[in-house]
Amino acid sequence: MSRVAVIGAGYVGLTTAACLADLGNDVIVVDTNREKVAQLLRNHVPFYEPGLSELVERNTKAKRLTFTTSYEEAVPGAEYAIIAVSTPEGEGGEADLSFVESAAGSIADWMDGPLVVVNKSTVPPLTGDMVSRVIGQRNAKHKADVVSNPEFLREGSAIQDFMHPDRVVIGGHDRGAAEKVAKLYEPLQAHILITPNIYTAEMVKYASNAFLAARISFINEIARICERVDADAKLVAEGMGLDKRIGPSYLDVGIGYGGSCFPKDVKALAALAERFDYHPELLNAVMDINRDQRMLVIDKLRDCLEELDEKVVGLLGLAF
Ligand SMILES: NC(=O)c1ccc[n+]([C@@H]2O[C@H](COP(=O)([O-])OP(=O)(O)OC[C@H]3O[C@@H](n4cnc5c(N)ncnc54)[C@H](O)[C@@H]3O)[C@@H](O)[C@H]2O)c1
């Protein structure tokens, strides 16, 4: 079993850490948020995710999982350092990589031997090279192989998604390092796709999220056409989804996509394309339709209620 340092105790970091510990690894999680770490040390998971509290408690008790705010405690002796810090929307829609960069610097400061650095945060292609550069500049003594291993879990079914993934994507310039990361997932018996260059793995995540967002904008556009010709959009979606080539998921007509990932990831992919002189027409349309879809709800409410001032609105289903 391996010693793993997980950087970041958010949805992705904590789920990854608890699941890898449950698979028998020795896992230490480092997060710069003192309050979060204090809560975790008291066995309190600071957000709601079904089954996660029990998994954290079981593995903490078994001494396979621990938490700290100190890289000095987490990194020395680790075989893997898994970066799972936030990559929020930055200026101009590009991904803000400052947390990733800072995590890479701190890993470099404390690594005391060869290390496989696994990037699980959602980042644009070329970020792995930046992580390698930062580590190389700050620690010339030890070798770090950087590998991309994007995460596809969904909030609300994070543990199930981690333990039973449709696929695990791993990409690195160094095949041996990518295969070492694949070993962590061996017990899951999942389909593992190793891409021989790191940029491909980084891109799979953005392409997947953009495609799912595109399906949502597509069905919302179809719904608007349906309204005009008196067709039932929900049944149209059902009829489409029964086609094996299409499938039923992400074809729900509604107020558009939201949450912590799709909006920022589609924007970041579009910004990346522009940076490389490509005008992403489809991605822009996906975002435009999504923005307008919210206004459609307001228009519909106006149609029903005429005046919206001082009306009390009940909302059903605010979380996952
Ligand atoms: N939430 C999801 O459903 C999901 C799914 C797949 C991928 N992702 C991606 O995974 C990444 C993490 O997402 P999340 O939802 O877990 O984020 P999060 O905001 O819940 O957690 C990030 C954690 O990282 C910590 N952190 C920030 N900088 C740090 C540093 N330098 N050192 C140590 N800790 C640091 C923060 O304190 C926070 O606890 C993002 O790139 C996100 O896009 C998220």
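I began with surface patches, taking residues with over 30% relative accessible area and no salt bridge, like charges being joined within 9 Å and nonpolar side chains (Val, Leu, Ile, Met, Phe, Trp, Tyr) within 5 Å. The model is predicted, so I kept to its limits: local features need pLDDT of at least 70, side-chain atom pairs count only at pLDDT 80 or more, and totals for chains, interfaces and linings use all residues. Residues are numbered from 1 along each chain as its sequence is written, and side-chain values use heavy atoms, with hydrogens and water left out.

**Surface patch**

I found a nonpolar patch on the surface formed by Val313, Leu315 and Leu318, with about 370 Å² of accessible area together. Accessible areas come from the Shrake-Rupley method with a 1.4 Å probe, and for residues only the protein chains shown count as cover. I placed Val313 in the segment after helix 12 (281-305); helices (H or I, at least four residues) are DSSP runs, numbered from the N terminus. Val313 counts as exposed at 56% relative accessibility (buried is under 20% relative accessible area, exposed over 50%, partly exposed in between; 1.4 Å probe, protein chains only).

**Aromatic rings**

I paired rings of Phe, Tyr and Trp (its six-membered ring) if their centres lie within 6.5 Å, with planes under 30 degrees apart counted as stacked, over 60 as edge-to-face and the rest as tilted. By this rule I count four aromatic pairs. Phe47 is buried, with a relative accessible area of 17%.

I also noted Phe162 and Tyr185 as a tilted pair, at 5.9 Å centre to centre and 35° between the planes. Phe162 lies in helix 7 (residues 158-163) and Tyr185 in helix 8 (residues 175-185), so the pair ties together parts 23 residues apart in sequence. Both Phe162 and Tyr185 are buried. Tyr250, Tyr257 and Phe262 form one aromatic cluster.

**Cysteines**

I searched the whole structure for disulfides (a pair of cysteine sulfur atoms within 2.5 Å) and found zero. The sulfur of Cys19 is 17 Å from the closest cysteine sulfur, in Cys261, which is too far for a bond. Cys19 is buried at a relative accessible area of 0%, while Cys261 is partly exposed at 30%.

**Salt bridges**

I took a salt bridge as a side-chain nitrogen of Lys or Arg within 4 Å of a carboxyl oxygen of Asp or Glu. The search of the whole structure gives 16 salt bridges. One of them joins Lys61 to Glu57, with the closest N and O atoms 3.2 Å apart. Both residues lie in helix 3, four residues apart, about one turn of the helix. Lys61 is exposed at 63% relative accessible area, and Glu57 is partly exposed at 35%.

I next checked Asp161 and Arg154, whose side chains meet in a salt bridge (2.8 Å, N to O). Asp161 counts as buried at 13% relative accessibility, whereas Arg154 counts as partly exposed at 44%.

Arg175 bridges to Glu179, with the closest N and O atoms 2.9 Å apart. These two are four residues apart in helix 8, so about one helical turn separates them.
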